[in-house]
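Please walk me through this structure, going from its domains to its strands and then to single residues.

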Amino acid sequence: MKSTMKRHHVVAIASSVTLALSLAACGSDTPEKPEGSGTGTGTASGDCAAYESYGDLSGKTVTVYTSIVAPEDQPHIDSYKPFEECTGASIKYEGSKEFETQLQVRLKAGNAPDIAYIPQPGLLKTIVGQFPDSIVEASAGTSANVDKYYAASWKGYGTVDGKFYAAPLGANVKSFVWYSPSMFADNGYEIPKTYDELIALSDKIVADHGAEGIKPWCAGIGSGEATGWPATDWLEDLVLREAGIDVYNKWITNEVKFNDPQIAAALGKVGAILKNDKYVNGGIGDVKSIATTEFQDGGLPILDGNCFMHRQASFYAANWPEGTDVSEEGDVFAFYFPGMTADSRPVLGGGEFVAAFADRPEVAAFQAYLSSPEWANAKAKATPAGGWVSANSGLDPENLVSPIDKLSFSLLSDTSQDFGFDASDLMPGNVGAGSFWTEMTSWIAENKSDTQVLDAIQASWK
Amino acid sequence: MEWLKQADTTGEKFLLMFVAIALFVLVMGVILFVVDRISRPPKWVLVLGFMGPALIGLAFGLVYPALTTVKASFYDANGETFVGADNYVTAFTEDSFQQVLGNTLAWTLLVPILSTVIGLVYAVLVDRTRVEKFAKTLMFMPMAISMVGASIIWKFMYEYKAVIEGLAPERQPAQIGLLNQVLIWLGLEPQQFLLNGPWNNLFLMIVMIWIQSGFAMTILSAAIKAIPDDTMEAARLDGAGGMRLFTSITIPSVRPALVVVLTTIAMSTLKVFDIVRTMTGGNFGTGVIANEFYTQSFKQANYGLGSALAVILFIFVVPLIVYNVFQMRKSEEMR
């Protein structure tokens with residue numbers, strides 16, 4: 001007991017000395033680049049020039065509340081270090097698995113955090129509607145950063161009723177199909193460039209391997225009380241391809257109804273894969289088994305060679321067992337879920353947003369920092385295992401370590417193509433996190449018809 | 001003394017807890033001490049002294065939230081605009097909610113009856129046998145497991161892995177669910193126990209029955225032991241056999257205990273939430289009121305509808321409580 005106490009003291013003293021030293025370095029007129037910067041911890045860079053505009057924030061504390069818990073929280077905490085060292089502010093990080101409900105409880109109780117990472121724009125809208133006096137509009141610095149480094153659409157997701165509240169933080173790409181490069185090579189399969197090629201490949205896999213019980217697709221939509229969300233992503237990807245970005249964006253606001261023929265056509269295309277007993281559910285079972293398979297397990301049959309393809313977002317990279325080589329020549333990798341033609345490459349994605357609930361200078365400065373390229377690069381360096389990417393155009397792709405993150409970033413930064421933000425995250429909560437999930441689950445589990453499902457979701461939109 | 005307002009570490013939180021408990025003991029002690037010191041106090045001082053703290057606690061912890069819930073059930077999702085009985089109309093007319101109400105009804109009918117029957121038969125069968133203590137312990141053990149724990153255990157029992165046609169045996173997914181492995185041993189197809197309705201509701205209820213029969217068995221066994229030996233003997237002399245003894249002597253004698261067991265289990269069944277949330281999350285047509293009310297209130301931020309469901313649940317429970325209290329009074333009078 002005593003020895004641990006002592007060790008804590010030593011660590012505390014050591015870190016405060018380091019802090020004091022680095023502060024001194026920041027204060028000097030000619031900040032010297034510390035030797036060997038960019039190696040070691042990687043995040044603690046001595047160059048504070050970019051942080052001067054934030055001013056001296058010594059002794060100030062900013063609290064951050066997020067849904068990101070261990071082990072993914074450490075890279076976030078590490079990414080604040082340059083800010084803390086250069087401005088003197090300290091950031092208090094708190095992650096909770098019950099974030100979505102607890103944030104609203106805390107706001108109701110008047111116990112708001114300074115900064116919160118909101119994972120869905122729909123939730124942001126709810127919060128602005130219910131707690132207009134608690135949430136603070138984005139600081140001027142934040143707004144300037146977002147204008148400079150993000151596509152205009154990203155600013156739109158953080159805007160409610162014409163007021164800009166929350167800046168984008170991380171991003172993910174959902175239009176990916178995971179596959180095994182070696183299995184494809186062994187069978188002489190090529191990565192499909194169009195949707196038709198994808199279906200042709202699926203049929204070829206059925207013809208080649210159907211008799212052995214191996215199927216082209218595997219999927220799982222189980223996710224506890226959020227069961228069904230992977231199926232909504234499927235529909236979103238197909239609406240984006242089949243009907244285009246304009247219809248997609250109108251669908252989000254319900255200008256285009258759920259039971260519109262264009263949405264029904266897209267759902268029909270999803271059904272042609274997910275409800276086709278010849279195509280699914282490789283290595284797991286029949287169509288219905290999709291509903292009871294946890295989404296984390298949905299793609300694993302690829303590793304056993306029982307299934308060829310699994311459509312899931314970039315963050316699925318974290319679900320492969322330890323030691324799996326995720327790269328173009330490795331055990332598994334992902335290809336872009338093809339568009340209708342080789343030239344149309346719309347991307348479906350998502351992300352989280354930074355909202356402030358306090359009007360203090362240090363909070364404004366920290367919110368601005370999180371939207372800056374300095375932060376994006378610090379975060380990339382602080383995430384040695386990969387699995388993180390941002391839509392910030394100031395992010396240097398060289399700082400991203402994993403091949404899948406690089407691929408995600410190249411898709412996100414290709415401004416010539418349409419980007420569709422996860423529709424269910426933008427819809428009102430009772431649809432986007434309610435009937436849309438549950439009805440898509442019934443669609444698979446209870447074999448509800450396309451029309452029944454779309455009518456039921458539309459009926460819940462009030 | 002910053003930790004009094006904002007306890008951060010575990011140590012501080014524990015300290016804060018002890019301070020709060022000490023404070024409570026102190027306040028209660030002072031009140032009781034003062035009341036005790038007044039010689040020949042007027043009745044209202046006594047009533048206030050002893051019942052006051054409890055009443056204040058009830059008023060803040062139970063009555064006030066109940067009233068705000070009832071109020072919220074007549075307002076929209078944000079609690080801003082008055083919508084009349086709209087939330088109740090939704091709850092009773094929409095297909096998905098009708099199914100939830102129907103499931104709740106099935107739970108409240110089947111679980112208490114089956115648990116009580118199993119508990120009663122078991123109690124009679126092991127009564128005065130050599131293995132009685134051991135057999136009762138076995139039956140009672142599930143009571144010690146939390147609902148979530150039991151649900152996870154049974155989720156593994158029901159776990160489904162398909163036998164995939166055409167796939168080589170060594171590449172088949174491994175069966176990890178006991179029940180499906182038994183089916184395979186018997187030469188049958190594995191089943192999706194938690195998916196295929198309406199039977200999946202029954203498989204969820206089995207978890208609750210598994211837990212509650214132990215409770216029924218304990219109470220009923222005590223009641224059976226209280227039946228006077230001479231009554232039994234007299235019945236035997238009159239020529240009653242095992243079955244006749246059971247229906248004409250045992251059941252009428254333990255009737256008050258039966259009613260208490262039935263109503264108590266019915267009340268806990270109405271509130272069932274953990275099992276459904278853990279095992280299916282209310283999907284596949286297995287939703288019940290308590291789960292749906294949580295989903296509406298906290299997940300979808302639809303406080304109006306959530307509150308309406310809570311009020312409906314409350315209305316369902318009230319007659320059971322009234323009946324239970326009434327029965328307990330009656331059996332006390334008989335004594």
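Predicted model: local features only at pLDDT ≥ 70, side-chain atom pairs only at ≥ 80, totals over all residues.

Residues are numbered from 1 along each chain as its sequence is written, and chains are lettered from A and ligands numbered from 1 in the order in which they are written.

Chain A is assigned domain 1 (55-173 + 349-412) and domain 2 (176-348 + 422-460), with bounds that come from an automatic or database domain assignment. The centres of domain 1 and domain 2 of chain A, taken over C-alpha atoms, are separated by 29 Å. Where these domains of chain A meet, 17 residues of domain 1 are in contact with 20 residues of domain 2, contact meaning that the C-beta atoms of two residues, placed from the backbone, lie within 7 Å. On the domain 1 side of this meeting in chain A, helix 5 (121-130), strand 6 (167-173), strand 11 and helix 17 (403-412) each supply at least two residues, and helix 17 of chain A gives the most, with five residues. Helices (H or I, at least four residues) and strands (E, at least two) are DSSP runs, numbered from the N terminus. That side of domain 1 of chain A divides into seven nonpolar, 10 polar and no charged residues; here Ala, Val, Leu, Ile, Met, Phe, Trp, Tyr, Cys and Pro count as nonpolar, Asp, Glu, Lys and Arg as charged, and the others, Gly among them, as polar.

Strand 3 (residues 115-118) of chain A is covered on both faces, with Ile115(A) and Tyr117(A) buried on one side and Ala116(A) and Ile118(A) buried on the other. A residue is buried if 20 or more other C-beta atoms, placed from the backbone, lie within 10 Å of its own, exposed if 12 or fewer, and partly exposed in between. Strand 3 of chain A runs parallel to strand 1 (residues 61-66) of chain A, to which two bridges join it, and Val64(A) stands opposite Ile115(A). With strand 11 (residues 347-356) of chain A, strand 3 of chain A pairs in the antiparallel sense over four bridges, and Ala116(A) stands opposite Ala355(A). Two strands are said to pair if DSSP finds at least two bridges between them.

Another group of strands in chain A forms an open sheet of four in the order 8-9-7-10, with mixed pairing. Strand 8 (215-217) and strand 10 (333-336) of chain A stand at the edges with a single partner strand each, so one side of each is left without a neighbour in the sheet. Strand 8 of chain A runs parallel to strand 9 (residues 307-311) of chain A, joined by two bridges, and Trp217(A) has Met309(A) as its bridge partner.

Phe436(A) lies in helix 19 (residues 429-445) of chain A and counts as buried because it has 26 C-beta neighbours inside 10 Å. Leaving aside residues up to four places away in sequence, Phe436(A) touches Thr232(A), Ser424(A), Met427(A), Val431(A) and Ile457(A).

Finally, 24 residues of chain B are in contact with 29 residues of chain A. Helix 13 (residues 289-299) of chain B provides the largest share of the chain B side, three residues.
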